[in-house]
Amino acid sequence: MADASYSHPLFSCRSCRNPIALRDDLLSKRFVAKSGGAYLFKHAMNVVVGKKEDRQLMTGYFSVADIFCSKCGEELGWKYVKAYDPSQKYKEGRFIIETAKILKEY
């Protein structure tokens, strides 16, 4: 029988190795955040969602909340709460996680 962690690759916090997102929940690798490249995920786990605020981003105006690792407190990215542009609605409820803040694990 295959090891569960091998059959379900995941991304963990680079600082403390806390599991953050499953590979199966990765929607896109073509996003940009504060530190550079970022991934868009359907779901994230072991994160604390901060206070919601409206923010102008590269693709429009959104209501977002920063997300932090629940174990070490590292800021990882943000959660899209609301998109004001109808063409960006697909991002609502999704998570942006900076690639510099996570490790891919098998």
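**View 1. Six salt bridges occur in this predicted model**. A salt bridge here is a side-chain nitrogen of Lys or Arg within 4 Å of a carboxyl oxygen of Asp or Glu. Because the model is predicted, local features need pLDDT of at least 70 and side-chain atom pairs count only at pLDDT 80 or more, whereas totals for chains, interfaces and linings use all residues. Residues are numbered from 1 along each chain as its sequence is written, and side-chain values use heavy atoms, with hydrogens and water left out.

**View 2. Glu105 and Arg17 form a salt bridge, with N to O at 2.7 Å**. Glu105 belongs to strand β9 (residues 102-105) and Arg17 to the loop between β1 (10-13) and β2 (19-22), so the pair ties together parts 88 residues apart in sequence; strands (E, at least two residues) are DSSP runs numbered from the N terminus. Glu105 is buried, its relative accessible area being 18%, where buried means under 20%, exposed over 50% and partly exposed in between, with a 1.4 Å probe and protein chains only.

**View 3. Arg55 and Asp66 meet through their side chains in a salt bridge of 3.1 Å, N to O**. Arg55 sits in strand β5 (residues 47-57) and Asp66 in strand β6 (residues 60-69), so this pair links parts that are 11 residues apart in sequence. Arg55 is buried at 17% relative accessibility, and Asp66 is buried at 16%.

**View 4. Lys101 forms a salt bridge with Glu74, their closest N and O atoms being 3.3 Å apart**. Lys101 is buried, with a relative accessible area of 19%, whereas Glu74 counts as partly exposed at 27%.

Definitions and conventions: Helix = DSSP H or I, 4+ residues; strand = E, 2+ residues; numbered from the N terminus.
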